[in-house]
Amino acid sequence: MLERSVLTTRPAAVEYRRTPLAHSVQTLIDALSRWTTTSLPAVTAARTTFDADETLSPGGAGRPRRHKLTPSRNRVTATPGVELAASGTH
């Protein structure tokens, strides 16, 4: 992803450049960055809702969650009975 060139100067210097492969992935990185920025409020709200729901925490509030995720066909079931989409769908 990076090209490294050692320059014959005194003192010695090193120069780095992105390869064409690194440039080709930049569009994806930019899209992920935009998604993160626009989705952060929703992710934070979902996390707050989850953390506030005592029924999702074995033993009630303040206890660590110890959910075991197990695959079940095209879904992942989190103990105790909470289903999460495995494919990233809602």
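**Close-up 1. Salt bridges in this predicted model: the count is 2.** Here a salt bridge means a side-chain nitrogen of Lys or Arg within 4 Å of a carboxyl oxygen of Asp or Glu. The residues that take part are Glu3, Glu15 and Arg17, linked in a network. This is a predicted model, where local features need pLDDT of at least 70, side-chain atom pairs count only at pLDDT 80 or more, and totals for chains, interfaces and linings use all residues. Residues are numbered from 1 along each chain as its sequence is written, and side-chain values use heavy atoms, with hydrogens and water left out.

**Close-up 2. Arg17 pairs up with Glu3.** The closest N and O atoms of this salt bridge sit 3.9 Å apart. The pair ties together distant parts of the chain, with Arg17 in strand β2 and Glu3 in strand β1, 14 residues apart. Strands are DSSP runs of E, at least two residues, numbered from the N terminus. Arg17 is partly exposed at 39% relative accessibility, and Glu3 is partly exposed with a relative accessible area of 39%. Partly exposed is the range between buried (under 20% relative accessible area) and exposed (over 50%), using a 1.4 Å probe and protein chains only.

**Close-up 3. Arg17 also meets Glu15.** Their side chains form a salt bridge at 3.3 Å, N to O. Glu15 has 34% relative accessibility, so it counts as partly exposed.

**Close-up 4. A cis peptide bond joins Arg10 and Pro11.** Omega is about -5° for this bond. Pro11 lies in the loop between β1 (2-7) and β2 (13-18). For context, most peptide bonds are trans.

How values were computed: Helices (H or I, at least four residues) and strands (E, at least two) are DSSP runs, numbered from the N terminus.
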